[in-house]
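Hi there,

Here is the structure I promised to pass on to you. Have a look at it first, and then read my notes below.

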Amino acid sequence: MDSTNLSMADFLNTPGLDIMQRAGKYYEFLEDFRDKQHMQYKRIALEGSGPVRKVLDSYTGKVREMIYLASNDYLNLTRHPKVIEAGRVALEKYGAGAGSVPLLGGTLDIHIELEKKIAAFKGCESAIIYTSGFGSNAGALLSMLQEDDVAVLDMLVHASIIDGCKNTNVKYFKHNDMDSLESTLKKVKDKYRTKLVAVDGVYSMDGDIAPLDKIVEIAKAYGAYVMIDEAHATGVIGKNGRGTPEHFNLEGKVDIVAGTFSKAVGGVGGFIASNKELVDLLNFYSRTYMFSTAMTPQATASIIQALNVIETEPVHKEKLWDNIMYFRNNLVDLGFCLGNSETAIFPIIIGDDMKVREMCRCLHEADIYVNPVLYPAVPRRFSRVRMSIMSCHTKEHLDKALNVLEYVGKKYDVIRKCKIG
Ligand SMILES: Cc1ncc(COP(=O)(O)O)c(C=O)c1O
């Protein structure tokens, strides 16, 4: 099979093929994808998070030292000595696992400490923690919204929010477009019981920020609640790294603040912060919480410490922002199209899947680790090379990446050629 004009979407629901036949076809697609050296997914890192990492090259069997532009560990807290030490102490004190689901024996004192800490950090009354950010978004939404309700979603919200809305009605508005939000709310205003607008604070594929001030104002005018997913905003934006509500001076004014501990916080797990009544309801109705073993002690203690570090060591965020400005200015000077990116996520919009695949192959061979984002993850005209940077990248790392990007950009003729909008 020639994978050139095919994508994952072609194997999603292939008519007439049962699951094993479909898997067989997709396997053939992947074989050609690999033969073309376009398989830049699930590469194997041989060491933990950092600005440069040893990566096993599955094509040559050799180890590459790669400048790593693909981590969400924005502040490199996964490697912070205090964060590691807190995890080590908890591992020794409590053991390797929580041993049960939270309601039936798995809740530890440090789980409650983390729930209180993240609630206070987000300026909310109460919070509940889950073992993944996907599970918290999907699980909370599935338990909150039913057939008489409606979710009004930005069309670029994370998959976990979309999956969480399977029990309810869904209307999409154009990305970050407030006219579109308002006209959507106008249409649903009198038709549904709960109206919930859900957005990401920072968009994971675009790195732009939701205009939360306007979203809250418009939602209130139409009697809708607002839920924000702070996955890529926590630790990164807001004066103290508290995220999008802090960035817009709206702390305590957003109905539901969701997020994950897996990005700038450097751990794993998710949370929902809100008023105490809603959080109590989630404790007993949210199936991804109730029927899933509680977070490991080590992860829990490390996250508590990571939040302490965010509060007490602003230097990491300052370094990150210094790098963001440096990398962005240089990419723009080179003529790359970065869409509306404002944060540590840098999409180079190409709009041609095959070019993205080839560019990522070249970048891999030059020891620059980036990610291809292809259709159907984004519309074909927005396919992209996605990069993210960290506080611990040096200017030398970024310069080396910029040099290679310039070379590859010229080779594939994508400089000042791409358009978005
Ligand atoms: C915007 C957004 N929300 C939620 C998630 C899910 O978080 P987690 O990786 O903790 O499951 C992710 C990340 O993968 C994300 O990018």
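Predicted model: local features only at pLDDT ≥ 70, side-chain atom pairs only at ≥ 80, totals over all residues.

Residues are numbered from 1 along each chain as its sequence is written, and side-chain values use heavy atoms, with hydrogens and water left out.

Two asparagines in loops

Asn-76 has a phi near 55°, a positive value in a residue other than glycine. You will find Asn-76 in the loop between strand S3 (63–68) and H2. Is Asn-76 buried or exposed? Its relative accessible area is 15%, so Asn-76 is buried; here buried means under 20% relative accessible area, exposed means over 50%, and partly exposed is in between (1.4 Å probe, protein chains only). Asn-176 also has a positive phi, of about 55°, although it is not a glycine. Asn-176 sits in the loop between strand S6 (169–173) and helix H6 (178–188).

Around the ligand

Which residues come nearest to the ligand? They are Gly-133, Asp-229, His-232, Thr-260 and Lys-263, out of the 14 residues around the ligand. A residue counts as near if one of its heavy atoms lies within 4 Å of the molecule. Helix H4 (residues 133–144) gives the most to this shell, with 3 residues. Sorted by class, the shell has 2 nonpolar, 9 polar and 3 charged residues. For these classes, Ala, Val, Leu, Ile, Met, Phe, Trp, Tyr, Cys and Pro count as nonpolar, Asp, Glu, Lys and Arg as charged, and the others, Gly among them, as polar.

Next come some polar contacts, meaning pairs of N or O atoms within 3.5 Å. A polar side-chain atom of His-232 is 2.7 Å from an oxygen atom of the ligand. For Thr-260, an N or O atom in the side chain lies 2.7 Å from an oxygen atom of the ligand. Phe-134 uses its backbone instead: one of its backbone N or O atoms is 2.9 Å from a ligand oxygen atom. On its own the ligand has 390 Å² of accessible area, and the protein covers 82% of it. Such areas come from the Shrake-Rupley method with a 1.4 Å probe; for residues, only the protein chains shown count as cover.

Salt bridges

How many salt bridges are there? The count comes to 25, where a salt bridge is a side-chain nitrogen of Lys or Arg within 4 Å of a carboxyl oxygen of Asp or Glu. Here are three of them to look up.

- Glu-85 and Arg-88 form a salt bridge with their closest N and O atoms 2.7 Å apart. Both lie in helix H2 (residues 81–94), 3 residues apart, which is about one turn of the helix. Glu-85 is partly exposed at 37% relative accessible area, and Arg-88 is partly exposed at 37% as well.
- Arg-384 and Asp-206 meet in a salt bridge of 3.1 Å, N to O. This pair links distant parts of the chain, 178 residues apart: Arg-384 is in strand S14 (residues 384–388), and Asp-206 is in the loop between strand S7 (195–200) and helix H7 (212–221). Arg-384 is buried at 2% relative accessibility, and Asp-206 is buried at 10%.
- Glu-365 and Arg-361 meet in a salt bridge of 3.4 Å, N to O. They are 4 residues apart in helix H13 (residues 353–365), so about one helical turn separates them. Glu-365 is partly exposed at 37%, whereas Arg-361 is buried at 17%.

There is also a network in which salt bridges with shared partners join Asp-2, Asp-32 and Lys-36.

One more residue

Finally, look for Ile-218 in helix H7. Ile-218 is buried, with 12% relative accessibility. The C-alpha atoms of Ile-218 and Pro-51 are separated by 41 Å, and the two residues are 167 residues apart along the chain.

Enjoy exploring!

How values were computed. Polar contact = N/O pair within 3.5 Å; in protein donor to acceptor, adjacent residues only side chain to side chain.
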